[in-house]
Amino acid sequence: MRRNYLLTPGPTPLPPYARKALAREIIHHRTPQFQEILKEAHENLKYVFQTKNDVYILTSSGTGAMEAAVSNTVCPGDRVVVIEGGKFGERWTELCKVFGANIELVKVEWGNAVDPAIIKDILDKDKTIKAVFATHCETSTGVATNIRTLGNIIKDTPAIFVVDAISSLGAVEIKTDDWSIDMLVSGSQKGLMLPPGLAFISVSAKAGNIIDACKNPRYYFDLRLAKKAWAKTDTPFTPGISTIIALSEVLKQMRKETLDVIFSRNKKFAEAVKKTMVALGLELYAPSASSDSITPVKVPTGIDGVKLVKVMRDKYGVAIAEGQAQLKGKIFRIAHMGYIREKDLTVCIKILEKVLSDMGYKFKRGIGVKTLKKLLG
Ligand SMILES: *Cc1c(COP(=O)(O)O)cnc(C)c1O
């Protein structure tokens with residue numbers, strides 16, 4: 001079978017040790033054997049989250065943890081701030097609407113990062129704000145939000161800080177405790193190199209108080225149940241056993257490699273891919289604000305962006321992501337996180353050059369691969 005190259009911002013390729021773990025025979029979850037694995041995964045999750053808080057493992061895609069963050073804290077009529085600069089910021093808005101929040105919506109033009117002074121101003125004026133929702137890497141635009149600065153602003157207010165780090169945890173620096181993040185949510189299929197199906201959420205003491213006082217009806221995603229079960233190294237419902245076993249292997253490897261090494265590799269990849277795009281005469285979509293998880297690139301004039309992505313995937317087995325919503329056909333996105341390595345990037349650039357050339361885009365053939373190889377050494 002032809003190898004498929006996956007350079008999408010989720011799912012990302014599975015490393016061999018994850019695939020091996022996934023192929024193991026299943027075990028029962030209410031056993032000392034599974035508890036051992038759960039305990040180790042939990043300890044290493046705390047390392048990746050850079051937190052002393054509990055991190056709960058939910059069996060759902062990342063959005064389940066987003067819903068848990070909202071359903072356990074936001075009651076009808078509560079004042080919340082949502083920072084919305086793309087598709088995933090919109091998901092916070094939609095969730096907050098569903099749970100009846102009174103939303104102060106901070107709309108950020110797609111491709112830009114929020115100005116933290118705006119958030120400070122809102123929180124200074126309104127002491128009833130209960131939570132601020134942000135997206136670390138806004139995957140639809142590739143923009144990175146300045147979480148550290150926002151955390152500093154929010155920490156001395158009554159509000160909790162809730163951050164979607166689904167496409168950044170394990171890929172770029174994010175420090176839950178140092179940056180005063182009360183609830184950090186993530187998922188298994190991006191920086192953590194696993195199949196989709198697990199979600200993670202950390203809960204600070206400040207958030208814990210709000211969760212306990214919250215009167216919302218909730219069941220599967222009731223974080224009080226998660227907490228109670230966790231005290232006995234357990235989960236309230238049948239967990240994604242096989243994926244958790246693989247998670248434990250992945251986290252062990254990540255800890256062995258260290259976050260610093262992982263983050264600097266992704267940074268090197270991000271910088272190399274950006275320079276390669278420029279060498280190809282292409283324009284970056286969010287040059288000053290983009291995250292090291294993913295590089296968004298403008299589709300050149302006269303080229304059909306949807307077709308470009310489709311041909312790369314269906315004819316050559318190289319999957320990159322197209323633009324979402326209003327950016328459909330206008331940008332494409334190349335991920336460089338998780339188990340994506342030099343070889344994947346080189347093949348991706350080679351095929352991108354081939355398809356662009358076939359579609360009539362004029363550039364110096366080979367300059368992309370040459371630039372990338374020079375930068376990756
Ligand atoms: C992928 C992604 C999500 C959605 O996660 P699912 O696992 O598909 O539920 C949410 N937020 C961001 C920033 C993402 O990149």
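View 1. For Thr139, a polar side-chain atom lies 2.4 Å from a ligand oxygen atom, while an N or O atom in the side chain of Ser61 is 2.5 Å from an oxygen atom of the ligand. The ligand is surrounded by 14 residues, the closest being Ser61, Thr63, Thr139, Asp164 and Lys190; a residue is counted here if one of its heavy atoms lies within 4 Å of the molecule. This is a predicted model, in which local features need pLDDT of at least 70 and side-chain atom pairs count only at pLDDT 80 or more, whereas totals for chains, interfaces and linings use all residues. Residues are numbered from 1 along each chain as its sequence is written, and side-chain values use heavy atoms, with hydrogens and water left out.

**View 2. The contact between the two domains.** The domain assignment, which is automatic or from a database, gives domain 1 (5-11 + 259-376) and domain 2 (16-257). Taken over C-alpha atoms, the centres of domain 1 and domain 2 are 28 Å apart. Domain 1 brings 27 residues to the contact and domain 2 brings 28 residues, with contact meaning heavy atoms within 4.5 Å. About 2400 Å² is buried between domain 1 and domain 2, and carbon and sulfur atoms give 63% of this area, where buried area is the accessible area (1.4 Å probe) that two parts lose on being put together, summed over both. Of the area that domain 1 buries against domain 2, Leu259, Phe263 and Gln324 supply 25%, more than any other three residues.

View 3. Glu257 and Arg265 form a salt bridge whose closest N and O atoms are 2.7 Å apart, the term meaning a side-chain nitrogen of Lys or Arg within 4 Å of a carboxyl oxygen of Asp or Glu. Between domain 1 and domain 2 the count is 1 salt bridge, and a search of the whole structure finds 21 salt bridges. Another salt bridge joins the side chains of Glu40 and Lys252 (3.9 Å, N to O). Because Glu40 lies in helix H2 (residues 32-49) and Lys252 in helix H9 (residues 241-257), this pair ties together parts that are 212 residues apart in sequence; helices (H or I, at least four residues) are DSSP runs numbered from the N terminus.

Key. Polar contact = N/O pair within 3.5 Å; in protein donor to acceptor, adjacent residues only side chain to side chain. Helix = DSSP H or I, 4+ residues; strand = E, 2+ residues; numbered from the N terminus.
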